[in-house]
There are 2 protein chains.
Amino acid sequence: MTLRGGIDLGGTKIQTVVVDDENAVLGQARRPTPTTGGPPDVAAAMVAAMGEAAEQAGVKTADLVRVGVGSPGGIDAHAGTVTGAGNLPGWQETFALGPALEDELETPVALGNDVQVATDAEARLGAGRDHSSILGVFWGTGVGGGIVLDGTPWLGLGGAGEIGHVVVELGGRRCPCGRHGCMEAYAGRAALERHARELHDKGEKTELFKIARKRDSDRLRSGIWAAALERGDPLAVKLIKKAVEALGAGVASVSNVLDVELIVLGGGLGVRLGQPYADRIAAAMLPHLFHDYRPPPVKVAELGDLGGAIGASLLCA
Amino acid sequence: MTLRGGIDLGGTKIQTVVVDDENAVLGQARRPTPTTGGPPDVAAAMVAAMGEAAEQAGVKTADLVRVGVGSPGGIDAHAGTVTGAGNLPGWQETFALGPALEDELETPVALGNDVQVATDAEARLGAGRDHSSILGVFWGTGVGGGIVLDGTPWLGLGGAGEIGHVVVELGGRRCPCGRHGCMEAYAGRAALERHARELHDKGEKTELFKIARKRDSDRLRSGIWAAALERGDPLAVKLIKKAVEALGAGVASVSNVLDVELIVLGGGLGVRLGQPYADRIAAAMLPHLFHDYRPPPVKVAELGDLGGAIGASLLCA
């Protein structure tokens, strides 16, 4: 039996897994992503989290045949570098993450795009396992996309799948990326929080920030949006309604272009809000779908929080 | 030496070619598409045009190893049927075009999507011949898209490439397809003509319809738009500016998703307005491109009016 490691490097957390040949999870660990320092500090936290998962599985990291990493930013898989990972501390430039991890983990390390590896995991082991062509929509802080066509990830020139930056409104809202009218400007959690804060400051009533304070959070995490929606908070309902509308238009646009078999909805908000919201997105897609007599199903990602790390473990060194 | 036939079945014209093993054109013919009658009448016109091209090449259609057809509507290549080709007379239902043509041409017939075969021709023989992944943007009566990824056409479940129906403006202008805010609603020639007529009826000044009358045309064909633009006609300039803006947003959206190497601009308007307008579309894409430090080049289709028929001749029976 060979064991593999997987690391999902997110903006808020580092999730690691150890899996066996059947992709069963034998060990897992989670640590917060450092918010200060630089790439070496992030790498050290990744090594610690990987070590913890290995220990849980009863092995050392050197016993793993390889460790895969799903990372944000620009990935050069060959060189093992990550460039411009904006959500990570001090990571504007290029850092040789692969070599740095290999030194400490004492096993080969493979790098991939975080959203793409999560999509690949869903395609091979999760909601898409009975389909050969899927679009992964990761609705979280931003809106990321992963594409699997005929069973193979489609990466383009290395930067494919940026569905969050599909334009749904010419000259529309400013997106956290600096552009205007992107789907993410209406649907991404960062944009939603900024918008909620603006409207709250202007006097619109909402429980969102009250719930956040009670939970000792300075951010409007997915669970806070879910709680506000459950209470029928008018501002949360209004903003999420617009987010669903934007997701409907943007994902339908991509579906019109790719005509895949299945849409898999993941990400913090996607997984937290679950199938009822996947169904709302499907309904919001319908008016924009060219082949509306056979709309693609929209299913929630099945691997949940571990999907990114399991997907990373599928990367080949 | 083997000879192949290709037929491009368009809403206004039927273009045929005979090509040799090197894809050199040995014969070509063009006939207007029947505007009355039904699918059998269209098939008869296709047979006549194919016969004319064969005669020019000094052969009979039975001497061609096969004939490929690029058709609008829903294609079932296996069954040889075309369903719901809205721009063709009386073709709402399914018609077994392949078998009908085979009977008359006395050679095997292969069917493909008109836009996809034109894209394939550009990818293999035209503007994209040095690239493995391209997006074809066919700017004509509508806006069609063709996708070639790693040298292979991507068809999805059979309906991929509907880039004209990428949403660029939520709740925006009504598209000829009946939906709202599609790129085609701003950029397609049918939509442009409808919009021009509305504004002209409301009193906006334009030479567009005067030029059309002089040319004895009841439609605003691509050449008429080109002539009006050359004269600086304010309505034509305004509508084409908005069309370019919509194309910029929509094509950039698709580029953000697919990250292909090259955009090839074809179609009646695309070929007629040429590289200066391809450059304007590239400029209009820039504010929406996620990887804007390496924008994909936008090149005009090289095979011009024959691209569709040559692409059809590349189809395998």
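Visitor: Which residues in helix 7 of chain A meet helix 9 of chain A?
Guide: In this predicted model, A:S222, A:G223, A:W225 and A:A226 are the residues of helix 7 of chain A that meet helix 9 of chain A. Their partners in helix 9 of chain A are A:G268, A:L269, A:R272 and A:L273.

Visitor: How many nonpolar, polar and charged residues has that contact of helix 7 of chain A with helix 9 of chain A?
Guide: The contact of helix 7 of chain A with helix 9 of chain A has 4 nonpolar, 3 polar and 1 charged residues.

Visitor: At what angle do helix 7 and helix 9 of chain A pack?
Guide: Helix 7 (residues 222–230) and helix 9 (residues 267–285) of chain A pack at about 40 degrees, and their axes are 9 Å apart. The two helices of chain A are therefore oblique to each other. Helix 7 of chain A passes helix 9 of chain A in a right-handed crossing.

Visitor: Turning to chain B, how far apart are the axes of helix 8 and helix 9?
Guide: The axes of helix 8 (residues 234–258) and helix 9 (residues 267–285) of chain B are 7 Å apart, at an angle of about 65 degrees. Their crossing is right-handed.

Visitor: Which residues in helix 9 of chain B meet helix 8 of chain B?
Guide: B:Y277, B:R280, B:I281, B:A284 and B:M285 do so, and the residues they meet in helix 8 of chain B include B:V244, B:L247 and B:V251.

Visitor: What rotation superposes chain B on chain A?
Guide: A rotation of 180 degrees, with 0.0 Å of shift along its axis, superposes chain B on chain A with an RMSD of 0.0 Å. The two copies are thus related as by a two-fold rotation axis. The same surface serves both copies, as 100% of the contact residues of chain B recur in chain A.

Conventions
Residues are numbered from 1 along each chain as its sequence is written. Chains are lettered from A and ligands numbered from 1 in the order in which they are written. This is a predicted model: local features need pLDDT of at least 70, side-chain atom pairs count only at pLDDT 80 or more; totals for chains, interfaces and linings use all residues. Copies are superposed by least squares on the C-alpha atoms of residues with pLDDT of at least 70 in both. Two residues are in contact if their C-beta atoms, placed from the backbone, lie within 7 Å. Axes are lines fitted to C-alpha atoms, for helices over the stretch in contact, and angles run from 0 to 180 degrees between N-to-C directions. Helices (H or I, at least four residues) and strands (E, at least two) are DSSP runs, numbered from the N terminus. Angles under 35 degrees count as roughly parallel, over 145 as roughly antiparallel, 65 to 115 as roughly perpendicular and the rest as oblique. A crossing is left-handed if the near helix is turned anticlockwise from the far one by less than a right angle, and right-handed if clockwise. Ala, Val, Leu, Ile, Met, Phe, Trp, Tyr, Cys and Pro count as nonpolar, Asp, Glu, Lys and Arg as charged, and the others, Gly among them, as polar.
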